[in-house]
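Work through the exercises below with the coordinates open.

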Amino acid sequence: MTAMPIDFGDTILRNNAGNYFDLIASVFDLFGFNDAAKKLRYYRSGRGGSLILDDQEMARHPIYSESVDLNRTRFESGTFTGRSKTKEGLPIEQKLLAIPDGGSARIDDFWDVNIKKSDPSTYLNFGRFALKSGGDFEVSRNGDKFTWSGVVDHRLGADDKKNNFIPERFDFNPGQPGKSQADIAERYGAAAPFDLVYPNRQRVDAQVVYDPTPTEEFPNGRFTVERVDWRPLGEGPDGRGWWGRDWDPFATNGKLEFDP
Amino acid sequence: MRRENLLSQAPASQAPPRLRSNLRDRIGDGLPNDPQDILWLKQALSRLGRYNDRGDAHPFIDRALATAVAGYQRDRGLRRDGMLNPGGETECAICVELKRLLERAGR
């Protein structure tokens, strides 16, 4: 949002709105919610763009790793067993059974978690937020054995109704405390919302076996996971963090470093 | 004052919490194995996509179950002994996964 030109009256409004958030940040520091205070100060800086979160901060909010664990379990129990559907709505089971012996196919799937409730430290830091884990796999078939190999990108944010990924945003929504002050501060350039970024790519290999015996629960037979090997989070080709292919953190304002 | 006296005099609110296990006894190949424990384990691993009961879940350890337990312990970095102790790390790992999965049904 382009800052409006201000006169004396506007200056008072702008300063009051800015002071409101400065006071809240100080209160957060007083109560030990330092991560939340840092977010508010970045918001007040008016930089906008994206803020890259660091490993130490995310380690202080265990619900993130719990959500990643949950999505990994969902890949194992839902995706690799063919029980879920691709984002195009195609049953993965059908795609698997269509692979000829000795052949392979590319399969993608995703799982997301909406975190609406969390402890005060996390809620003040992130508010309600979502985690999307998107998987891209090459599946090869050898008889009744299916080998999955690919990557899963864990990212803060979720898809919109058109399946476009929207990063998690630090802003103030209608009904939230501070919304009116946020509108004023943003209007006069005293604050700006920004994206929260913490991408983690994870390689995974899995061995799945197919049993064609029909049962009441699985009339087309059943896929069972024999082995899964998840590599460490954030493992890139040269050992460093590995960004998602279709997302460029430098595409916004290019300012990633922030030290309040 | 002896330790047991201290504990007996402690208010109920300060007593250590009792862990509730889904298992009545230890599970493992070659052990007596409670049938209900086996059925619970089969259902749990089946829900996680790790075991195929082929539509007939009998209360005995079979090779598929033993393989599923060994594979699960290997993949989760647990002690690979093919056994589950009540409240042990393997049962706890399974329970934590199931709890998260079932609380967040759907995408």
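Over all chains, the structure holds 23 salt bridges, where a salt bridge is a side-chain nitrogen of Lys or Arg within 4 Å of a carboxyl oxygen of Asp or Glu. This is a predicted model, in which local features need pLDDT of at least 70, side-chain atom pairs count only at pLDDT 80 or more, and totals for chains, interfaces and linings use all residues. Residues are numbered from 1 along each chain as its sequence is written, chains are lettered from A and ligands numbered from 1 in the order in which they are written, and side-chain values use heavy atoms, with hydrogens and water left out.

**Exercise 1.** Describe the salt bridge between D35(A) and R60(A).

Step one: take the distance. The closest N and O atoms of D35(A) and R60(A) are 2.8 Å apart.

D35(A) sits in helix α2 (residues 34–45) of chain A and R60(A) in the loop between α3 and α4, so the pair ties together parts 25 residues apart in sequence. Helices (H or I, at least four residues) and strands (E, at least two) are DSSP runs, numbered from the N terminus.

Step three: check exposure. Buried means under 20% relative accessible area, exposed over 50%, and partly exposed in between (1.4 Å probe, protein chains only). D35(A) has 11% relative accessibility and counts as buried. R60(A), at 47%, counts as partly exposed.

**Exercise 2.** Find the surroundings of E57(A), using contacts beyond its neighbours within four places in sequence.

Step one: locate E57(A). This residue belongs to helix α3 (residues 55–59) of chain A.

Step two: classify E57(A). Its relative accessibility is 3%, so E57(A) counts as buried.

Step three: list the contacts (heavy atoms within 4.5 Å). E57(A) touches D35(A), K39(A), N125(A) and F126(A). D35(A) is also the salt-bridge partner of R60(A).

**Exercise 3.** How many residues of chain A and of chain B are in contact, and how much area do the chains bury between them?

Step one: count. 27 residues of chain A are in contact with 20 residues of chain B.

Step two: take the area. The two chains bury about 2,000 Å², with 40% of it on carbon and sulfur atoms. Buried area is the accessible area (1.4 Å probe) that two parts lose on being put together, summed over both.

Step three: find the main contributors in chain A. L70(A), T73(A) and R222(A) lose the most area to chain B, together 23% of what that side buries.

Step four: count the polar links. The rule finds five salt bridges across the interface. It also finds 13 residue pairs in polar contact, both residues at pLDDT 80 or more. A polar contact is a pair of N or O atoms within 3.5 Å; within protein, one must be able to donate a hydrogen and the other to accept it, and residues adjacent in sequence count only if both atoms are side-chain atoms.

Step five: name the elements. On the side of chain A that touches chain B, those giving two or more residues are α4 (63–79), β2 (104–115) and β8 (222–230).

**Exercise 4.** Trace the salt bridge between D211(A) and R54(B).

Step one: take the distance. Their side chains meet at 3.2 Å, N to O.

D211(A) counts as buried at 10% relative accessibility. R54(B) is exposed, with a relative accessible area of 54%.
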